[in-house]
Amino acid sequence: MVRFTPVVTAAAAATVALVAAGSSTAWARPAAPTGTSPPRAAAMVAGVGHFVYDEPNTQGHRIWFGVAAVTTVDGSTRGEFRYRHALPDGTEVARGRADVTCLRVVGDVAVFTAIVPDGVDPVRNHGYYVKIIDGGRQPDVIVDAQAQNGTEPPPTGCIDPETELPPEVPARPRYPILAGGYVVRSDSARP
């Protein structure tokens, strides 16, 4: 059974692979095969942002999420998501990466799913469900939820963590991005 949880637990998080915090999003730019043009993007989200949890058991925890993902006009999605989780005193409890399996963009809002691939680290069946609201000149806003360590793989389709979680999961709060930011784009105006 897939179990949605609001945050990375310290026990699960301690096992994830290390990545550099605040790294460039260039690492997820897909390369086109030699002699071909890359597919045209229909939707994209890219950036690195920092926010602070304000919930029971995680108050003051500092979170960094980095993402670079595209959905092409043929509907395929590819990209990479990176995360870092630190306690209020700066002690790191998690770093890792996940593959973006779904991206849905409407206006200035991106909803995406990222799944930690098998074999990357000992954490199994871990999914991130993220909503980013591009604030333009104002701070961006983020909402996240996670499904972790269930007996079956988590859903890979897009799930809005504000409106599409199972009823037994508590409502997820919105957090302002304190440093960094994201760019959300849709090419829906083009044929």
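Twelve is the count of salt bridges found in a search of the whole predicted model, written as 12 salt bridges. A salt bridge is taken as a side-chain nitrogen of Lys or Arg within 4 Å of a carboxyl oxygen of Asp or Glu. Side chains of opposite charge can pair when their charged atoms come close. The model is predicted, so local features need pLDDT of at least 70 and side-chain atom pairs count only at pLDDT 80 or more, whereas totals for chains, interfaces and linings use all residues. Residues are numbered from 1 along each chain as its sequence is written, and side-chain values use heavy atoms, with hydrogens and water left out.

One of the salt bridges pairs Lys131 with Glu162, at 2.7 Å from N to O. Lys131 belongs to strand S7 (residues 127–133) and Glu162 to the loop between S8 and S9, so this pair ties together parts that are 31 residues apart in sequence. Strands (E, at least two residues) and helices (H or I, at least four) are DSSP runs, numbered from the N terminus. Lys131 has a relative accessibility of 9% and counts as buried. Glu162, at 30%, counts as partly exposed. Buried means under 20% relative accessible area, exposed means over 50%, and partly exposed lies in between (1.4 Å probe, protein chains only).

Glu162 also forms a salt bridge with Arg174, where the closest N and O atoms are 2.7 Å apart. Both Glu162 and Arg174 lie in the loop between S8 and S9, so the pair ties together parts that are 12 residues apart in sequence. Arg174 is partly exposed, with a relative accessible area of 49%. Glu80 counts as buried, at 11% relative accessibility.

A search of the whole structure also finds one disulfide, defined as a pair of cysteine sulfur atoms within 2.5 Å. The bond joins Cys102 and Cys158, with the sulfur atoms 1.9 Å apart. The torsion about the S-S bond is about -110 degrees, so the disulfide is left-handed. Distant parts of the chain are linked by this pair, 56 residues apart. Cys102 is in strand S5 (residues 92–106), and Cys158 is in the loop between strand S8 (141–147) and strand S9 (175–176). Cys102 is buried at 16% relative accessibility. Cys158 is buried too, with a relative accessible area of 14%.

Val52 was examined next. This residue is in strand S2 (residues 41–52). Val52 is partly exposed, with a relative accessible area of 28%. Leaving aside residues up to four places away in sequence, Val52 touches Gly60, His61, Arg62, Tyr175 and Leu178. Contact here means heavy atoms within 4.5 Å. Val52 and Leu178 are 126 residues apart in sequence, yet their C-alpha atoms are 8.0 Å apart in space.

Asn57 is in the loop between S2 and strand S3 (62–72). Its phi is near 70 degrees, a positive value in a residue other than glycine. Asn57 is exposed, with a relative accessible area of 78%.

The secondary structure of the protein comes to one helix and 10 strands. From the N terminus on, the order of elements is β-α-β-β-β-β-β-β-β-β-β. Of the 191 residues, 47% count as buried. Among contacts with a separation of 6 or more, 62% come from residues 24 or more positions apart. The protein exposes about 9300 Å², and carbon and sulfur atoms supply 56% of this area. Accessible areas come from the Shrake-Rupley method with a 1.4 Å probe; for residues, only the protein chains shown count as cover.

Confidence is expressed as pLDDT, the predictor's confidence in each residue, from 0 to 100. The protein averages a pLDDT of 80, and 74% of the residues score at least 70. Confidence is highest in S9, at 97, and lowest in helix H1 (residues 10–13), at a mean of 29. Over residues 1–33, pLDDT stays under 50. The model has 88 contacts beyond four places in sequence for residues 1–33. Where pLDDT is low, the predicted coordinates should not be read in detail.
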